Each structure stands twice: as C-alpha cells, then as structure tokens.
Amino acid sequence: MLANENHDQGAAVAEQDHLPWHRRITYGFTDMAGNLLYCIISSYMLYFFTNVFGLTVGVAGVLLLIGRFFDALGAPVMGILVDHTHSKYGKNRPWFLWMALPFAVFVWLLFTTPHMSYGVKIAYAGVMYILADLSYTAVSTPITSVLPNLTSSSDGRMSANSVRLVLGNVGNFFAVTFIIPFAGFLGHGNDQKGWSLAVGVYAIVAFVLLIIAFLDMREKNITKEKVITIRESLKATKGNWPWLIIVLANLAYWTGYTIRNAALPYYFQYNLGDKGLISFFNGFTIIQVLGMAAVPLFAKFLHKWGTTVFMLALTIIGQVWMSFAGDNITSALVGWCIACIGSGSACTMFFAMVGDTVDFGEWKTGIRANGFLTAIGASFCIQMGSGFGSFIASMIMKNFGFDASKAVQSAASLHGISFSFLWAPIVIYVISLLLMVSYRKWENHEPVVKHDLAARQKSAAN
C-alpha cells in the first residue's frame with residue numbers, strides 16, 4: 001500500500017515537473033530573439049562602422065574594444081542581479097519583460113546613422129554600441145540561468161536546451177544571411193537608410209519573441225531559492241579550476257570566432273570581388289545544426305572535453321582548407337561548412353560545461369552561484385572575446401593599409417584581410433583547444449562531485 005502511495009506521489013511530482021513542448025519552444029524564442037539582433041552585431045559591426053557608418057577601420061576597432069570592455073564588466077554584475085532578483089515571476093523570467101524593449105531600441109539605434117559631425121558620430125557610435133551590448137547581456141544571462149528553474153528533469157532540460165540551440169541557429173541564419181540584401185532592398189541604394197529600416201524590422205520581431213517567451217514560461221521553486229551575497233558569489237570561484245579553464249577556453253574561442261566573422265565581409269567583397277558571397281556563405285552557417293545534433297553521440301564516446309577538442313580541430317581544418325581553396329568558390333564553401341560545423345558544435349559544448357562548473361563550485365565552497373558563474377562563463381566570454389576579436393581584425397587590416405573609401409584595395413591590404421579571415425583565427429582556436437585538453441582531469445572528477453552533492457542534499461532533507 002505504501003509503495004503504491006509513493007509511486008503515485010512520484011508520478012504526480014514527475015507530472016508537475018513536466019516541461020510542455022510549447023514552453024520548450026518559447027524558451028527557444030529567447031535565444032532566437034537574442035541571435036536575431038546580436039549576430040548582426042557580432043558579424044557585421046566592424047563592416048557597418050567602416051563601410052556604412054563612415055568611420056575609419058582604426059577608430060572602429062578601438063570603439064569595439066572599449067565598448068566590449070565595459071559590456072564585459074556588465075556580465076558579472078548581471079549575474080549578481082539575477083541571483084538577487086525577487087518577483088512573482090521568478091529570478092530570470094522578469095528580465096525578458098524588462099529588457100525586451102531597451103534591447104530592441106538600442107540595437108536599432110546602433111545601426112541608424114544620424115547626420116552629425118565626424119567627432120559626434122564617433123561618440124554616438126560608442127554610446128549606442130555599449131548600450132546595445134549591455135541590453136543584450138541583460139537578456140542573454142537569464143537565458144542560460146533560467147533553465148534549471150524551468151524543470152528539474154534532466155531529460156526535460158536537455159530537450160529544452162536542444163530546442164533553444166536550434167531556434168537560436170534559426171535566428172542566426174536570418175541575421176547573417178538576409179540582413180545585407182534586405183538592407184539593400186529597403187534602402188534603394190542608400191545603405192544608411194536601408195540598414196536602419198532592416199534592423200528596425202528585425203528589432204520588432206525580436207521584441208515580440210521575447211514578450212511571448214515571458215508570457216508563456218514559468219519558473220518553479222522560486223520561493224525556495226537561497227539568496228547569496230556578492231561576496232559569496234565571488235567565493236564560488238575560489239579553487240574552481242574547471243570553471244577557470246572553461247572561461248579562458250571560451251574567451252579564446254569567441255576571440256577567434258569574431259576575428260573570422262569580422263573579416264568575412266571584407267574577404268568576399270575585396271579579395272574574391274563578390275559582395276553577394278557574404279550572404280551566400282553566411283547562409284550556410286545553418287549547417288552547424290548538423291554538428292550540434294550529433295554532439296550527444298560524440299560525447300558518449302569522446303566525453304565532453306574530447307568532443308570539444310575534436311570540434312575545435314574540425315574548425316581549424318576547415319579554416320586551413322579555405323586558405324588553400326583560394327578563389328575556388330566550391331572548395332572554399334566545403335571548407336567553410338566544415339569550419340561552421342566545428343565552431344557551432346564547440347560553442348554548444350562550452351554552454352553545456354559551464355553548468356558543470358557551477359556544480360563543482362557548490363561542491364568546493366558550498367555556494368551555488370548559478371547566475372554569477374554562468375554570466376562569466378558565457379556572457380562575459382562572448383562580450384570580451386568579441387571585443388578582442390573585432391579589435392585584432394581591425395588592427396591587422398589597419399596596419400596592412402585597409403581604406404574603406406577605396407573600391408579596390410592594395411595588395412598589402414588584401415593580404416591583411418586574408419590573414420585576418422583565415423590564419424589569425426587558427427592561432428586563437430589552437431589556444432582554446434590546448435586549454436580543453438587540460439579539462440580532462442576535471443571532467444573525470446565529475447562523478448565524485450555529483451555523488452557528494454546528492455549525499456549532501458539527502459542529508460539536508462533528513
């Protein structure tokens with residue numbers, strides 16, 4: 001009789017904790033909305049500043065670095081704010097409501113070119129860049145940290161995260177593939193007008209997606225969440241070596257990834273002489289979904305660290321392939337697809353592993369600083385890596401003599417663009433790969449961490 005009662009209670013709990021498919025999809029809307037706007041920034045910001053907004057490549061690079069520095073500092077602050085948020089909607093969910101409009105408006109203003117003097121335009125670009133990125137951080141941080149509060153089911157979390165990644169890639173696909181032709185269509189030859197209108201349309205769609213996500217999602221057990229102080233959040237990093245490795249490796253990954261993306265428009269427009277190839281090649285980034293779908297299978301045999309190393313190696317192979325392809329578009333496309341599958345899958349692994357380091361931090365210090373650790377391991381790395389990557393690409397191109405006012409670049413300038421797009425990312429990816437090799441030790445230690453945490457929770461319950 002008692003066994004039947006326990007079974008019924010367990011079934012009731014499982015049913016109550018079930019995450020419906022419509023909420024898995026609306027959870028994915030958050031990343032779709034974020035990528036719809038942020039991937040325009042990460043892929044085309046340097047190009048927009050130089051070829052549309054009218055800044056020199058050196059000034060644009062410095063602005064991107066300074067802006068990212070401030071935004072990167074905002075990531076840990078945002079993590080702490082999430083950890084200290086109290087509302088009837090939960091800790092994470094309210095931020096989608098609060099930040100949907102600012103995020104959409106600031107990104108639109110960033111890609112709007114006002115009629116100002118050159119000096120005022122620089123100040124305008126810098127301020128809007130910082131505000132747009134800070135608002136993205138306020139949206140992206142709760143995307144990662146809300147998942148444990150949606151359901152305690154491991155399968156439910158994995159399924160929801162998979163939906164999120166797929167829809168996030170849909171957002172990325174529309175951002176990098178259609179924004180240039182859409183801006184050209186709306187601008188009728190006026191690039192500044194076209195970009196403002198096109199990004200405005202994208203911003204409206206992103207706003208609607210975030211509001212739908214807020215209205216549909218539900219956070220559970222929000223009244224039982226323990227509030228931790230800022231000092232405790234910082235203490236959770238003490239001795240957390242796997243977290244530090246993930247932060248450094250992810251930072252290197254985003255640096256290399258952004259160097260490649262920042263140089264891509266220049267490479268196809270100037271080196272290969274076909275601006276249409278920018279959207280064509282970016283459209284094939286959707287192929288990285290295949291790699292993401294295969295990640296669980298790879299992880300079964302190679303484990304998480306090995307899968308990440310393999311995917312980074314695949315990215316490097318794709319980059320090298322493109323360098324030897326030259327102006328052979330078909331061959332270059334093959335290399336590009338290989339690189340995209342590798343880089344997209346590696347990115348997925350970093351997001352997955354940062355959650356494991358939260359467990360390690362709790363095991364090591366007794367403090368579970370989910371918002372803070374994930375903010376540094378995810379948002380901070382994206383923001384700072386993007387800043388470093390854009391700056392490095394801009395400085396390489398500047399030192400090789402790139403001039404956006406010239407329709408035809410010098411041989412030295414073309415060499416600088418080629419190096420930025422093909423070889424500089426390889427160097428950075430190798431650093432990330434080597435760091436992940438050292439992560440093996442900590443992944444092997446995860447069973448001990450999970451066993452001890454489970455024992456602590458059982459002891460506390462009794």
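Contact here means heavy atoms within 4.5 Å, and helices (H or I, at least four residues) are DSSP runs numbered from the N terminus. The model is predicted, so local features need pLDDT of at least 70 and side-chain atom pairs count only at pLDDT 80 or more, while totals for chains, interfaces and linings use all residues. Residues are numbered from 1 along each chain as its sequence is written, and side-chain values use heavy atoms, with hydrogens and water left out.

On its contact with helix α10, the residues S42, S43, Y44, L46, Y47, T50 and N51 of α2 meet T258, N261, A262, P265, Y266, Q269 and Y270 of α10. By class, this contact of α2 with α10 has 7 nonpolar, 7 polar and no charged residues; Ala, Val, Leu, Ile, Met, Phe, Trp, Tyr, Cys and Pro count as nonpolar, Asp, Glu, Lys and Arg as charged, and the others, Gly among them, as polar. Helix α10 spans residues 241–271, and its axis lies 7 Å from that of α2 at an angle of about 50°. Axes are lines fitted to C-alpha atoms, for helices over the stretch in contact, and angles run from 0 to 180 degrees between N-to-C directions. The two helices are therefore oblique to each other, given that angles under 35 degrees count as roughly parallel, over 145 as roughly antiparallel, 65 to 115 as roughly perpendicular and the rest as oblique. The crossing of α2 and α10 is right-handed; a crossing is right-handed if the near helix is turned clockwise from the far one by less than a right angle, and left-handed if anticlockwise.

Helix α2 also packs on helix α3 (residues 57–83), at an angle of about 150° and with the axes 7 Å apart. In this contact, Y38, I41, S42, M45, L46, F49 and T50 of α2 meet V57, A60, G61, L64 and R68 of α3. The residues of the contact divide into 8 nonpolar, 3 polar and 1 charged. An α-helix has 3.6 residues a turn, so residues three or four places apart point the same way.

A further residue of α2, which covers residues 21–53, is T26. T26 is buried, with a relative accessible area of 7%; buried means under 20% relative accessible area, exposed over 50%, and partly exposed in between (1.4 Å probe, protein chains only). Apart from residues up to four places away in sequence, T26 touches I212, A213, D216 and M217. With D216 there is a polar contact between the two side chains, at 2.8 Å. A polar contact is a pair of N or O atoms within 3.5 Å; within protein, one must be able to donate a hydrogen and the other to accept it, and residues adjacent in sequence count only if both atoms are side-chain atoms.

Another helix pair is formed by α5 (residues 118–145) and α14 (residues 370–399), whose axes come within 9 Å and cross at roughly 130°. These helices are therefore oblique to each other, and their crossing is right-handed. The contact is made by D133, Y136, T137, S140, T141, T144 and S145 of α5 and by N370, G371, T374, A375, A378, S379 and Q383 of α14. By class, the contact of α5 with α14 has 3 nonpolar, 10 polar and 1 charged residues.

Within α5, T144 is buried, with a relative accessible area of 15%. Leaving aside neighbours within four places in sequence, T144 is in contact with R164, T374 and A378. T144 and T30 are 114 residues apart in sequence and 10.0 Å apart in space, C-alpha to C-alpha.

Helix α11 (residues 276–283) is largely enclosed by the rest of the structure, because 6 of its 8 residues are buried. The buried residues are L277, I278, S279, F281, N282 and G283.

K220 is found in the loop between α8 (191–216) and α9 (230–235) and is partly exposed, with a relative accessible area of 23%. K220 and G90 are 130 residues apart in sequence and 7.8 Å apart in space, C-alpha to C-alpha. H188, in the loop between α7 (154–187) and α8, has a phi near 50°, a positive value in a residue other than glycine. At 68% relative accessibility, H188 counts as exposed. In helix α12 (residues 288–325), H303 has a phi near 65°, also a positive value in a residue other than glycine. H303 is partly exposed, with a relative accessible area of 42%.
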